[in-house]
Amino acid sequence: MIRAGRLKYVQTMADLADALGKSLGTVRNTKPYAAEGHPAPISSPTSRAQLWDAEQTAAYYAGQPVPELPQTDDDEDLLDRHEAAELLGVKPVSWSTYKQDQALVDGVVFVPEGPKGTEHWPRRLVLAYKNGRPGRGAGGGRREGSGDMVPRDQILPRIAELLDADPAITVEAVADTLGVAKFPTAQSGLATVRGRRIADLVEAEPGLDPKDAARQLGYPNITHRRAVTVAEQELHARSAKPYLQHTADALAAAGVAQQAEVEVRQLDSGHLAAAVPLEAGQPAPALVWDERFGWRTATSRRHPIGKHTGTAPEGEGIRYLGGGLRPGPEELLDALRDGRKGTKRPKASIHEDLGSEG
């Protein structure tokens with residue numbers, strides 16, 4: 001975490017490279033920050049973007065004693081998504097839902113500043129969400145006689161709160177409390193949150209049947225089919241996330257893609273797709289992955305996946321890259337760097353082994 005008052009000392013890997021007078025690629029390859037005695041990152045251990053305290057690293061490389069950082073928690077400490085989730089006692093994937101609360105949206109801090117920065121939140125806002133749920137009003141839920149609708153980006157977090165209090169809550173109760181339509185808003189929202197929590201439990205207890213997970217969580221039998229379907233879709237998407245994030249991080253490290261968290265989307269067909277925005281000067285604005293066909297270039301940065309990701313023909317700015325469904329990052333980099341024509345779209349089906357990360 002970034003301790004209160006230390007934001008001005010935050011040092012990215014690029015900043016560290018500048019301070020050492022070396023290129024970013026050299027620092028990534030030689031990893032001087034991995035040497036024994038080097039100041040530990042101030043980012044959480046599972047964070048993709050490593051951060052250091054510049055005062056600590058400056059002292060280390062000057063051969064001076066490394067100053068200690070504050071050890072006492074402060075309301076103004078800045079927490080990344082992993083640390084915020086830990087404080088709430090949930091998985092980071094659940095934090096992706098909770099962070100849509102308006103108070104957290106308004107209070108997010110990007111480190112470093114800008115769209116490529118990593119999201120952080122002041123400890124006080126995370127605690128307020130945990131203890132008082134900002135955005136709910138003093139009494140929580142909808143005030144008596146109020147016809148106000150809950151903003152769309154707060155519906156799932158609010159449903160999560162209601163499930164915390166009553167795992168067997170009904171669609172009707174959700175609709176009445178939040179002032180939303182029973183169908184599809186309350187029904188779909190309940191199934192989504194229940195499904196994600198079933199997926200969390202199955203991940204935590206490998207081999208656990210999703211229906212048994214639903215029972216452990218206290219969900220009524222009548223809700224199992226829909227929630228388990230969502231859970232299976234969620235687990236399917238999560239299974240692809242490590243490969244996609246690894247690829248995106250490698251492309252970003254090579255300087256061809258923007259550093260970003262990959263969002264795995266489920267298409268209307270039920271298949272998975274994801275997009276990685278590329279830096280300016282690359283042969284395409286983005287790359288798109290479809291689990292049926294592998295990687296291709298996109299013609300739009302704003303809507304890279306589009307409606308027909310798997311049927312997009314080659315030509316007119318679209319090329320299929322790499323061989324197979326999950327080529328390694330180097331294969332994609334080679335295709336982008338040398339400008340060679342992409343391979344023909346693979347005919348492999350989703351029934352092939354998708355476990356390899358290239």
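User: Which residues of helix 10 and helix 12 meet?

Analyst: A word on the source comes with this one: the model is predicted, local features need pLDDT of at least 70, side-chain atom pairs count only at pLDDT 80 or more, and totals for chains, interfaces and linings use all residues. Residues are numbered from 1 along each chain as its sequence is written, and side-chain values use heavy atoms, with hydrogens and water left out. Helices (H or I, at least four residues) and strands (E, at least two) are DSSP runs, numbered from the N terminus, and contact means heavy atoms within 4.5 Å. Helix 10 brings Gln187, Ala191, Thr192, Arg194, Gly195, Arg196, Ile198, Ala199, Asp200, Val202 and Glu203, and these meet Arg226, Ala227, Val228, Val230, Ala231, Glu234, Leu235 and Arg238 of helix 12.

User: How do the residues of that contact divide into nonpolar, polar and charged?

Analyst: Ala, Val, Leu, Ile, Met, Phe, Trp, Tyr, Cys and Pro count as nonpolar, Asp, Glu, Lys and Arg as charged, and the others, Gly among them, as polar. Sorted that way, the contact of helix 10 with helix 12 has 9 nonpolar, 3 polar and 7 charged residues.

User: At what angle do helix 10 and helix 12 cross, and what is that called?

Analyst: Axes are lines fitted to C-alpha atoms, for helices over the stretch in contact, and angles run from 0 to 180 degrees between N-to-C directions. The axes of helix 10 (residues 182-204) and helix 12 (residues 224-253) come within 7 Å and cross at roughly 55 degrees. Angles under 35 degrees count as roughly parallel, over 145 as roughly antiparallel, 65 to 115 as roughly perpendicular and the rest as oblique. So helix 10 is, relative to helix 12, oblique.

User: Is His224 buried or exposed?

Analyst: His224 sits in helix 12, and its contacts, leaving aside neighbours within four places in sequence, are Lys211, Ala214, Arg215 and Tyr219. Buried means under 20% relative accessible area, exposed over 50%, and partly exposed in between (1.4 Å probe, protein chains only). Because its relative accessibility is 6%, His224 counts as buried.

User: Which residues of helix 8 are buried?

Analyst: Helix 8 spans residues 152-165. Its buried residues are covered by elements including helix 5 (92-98), helix 6 (102-107), helix 7 (123-131), helix 9 (171-178) and helix 10. The buried ones are Gln154, Ile155, Pro157, Arg158, Ile159, Ala160, Glu161, Leu162 and Leu163.

User: How does Val66 count by relative accessibility?

Analyst: Val66 is in the loop between helix 3 (54-61) and strand 3 (78-79). Leaving aside neighbours within four places in sequence, Val66 is in contact with Pro39, Gln56, Ala59 and Tyr60. With 32% relative accessibility, Val66 therefore counts as partly exposed.

User: What is the phi of Lys31?

Analyst: Most residues other than glycine have a negative phi. Lys31 lies in the loop between helix 2 (24-30) and strand 2 (51-53). Although Lys31 is not a glycine, its phi is positive, at about 50 degrees.

User: What share of the protein's residues counts as buried?

Analyst: The protein has 13 helices and 10 strands. Of its 358 residues, the share that counts as buried is 44%.
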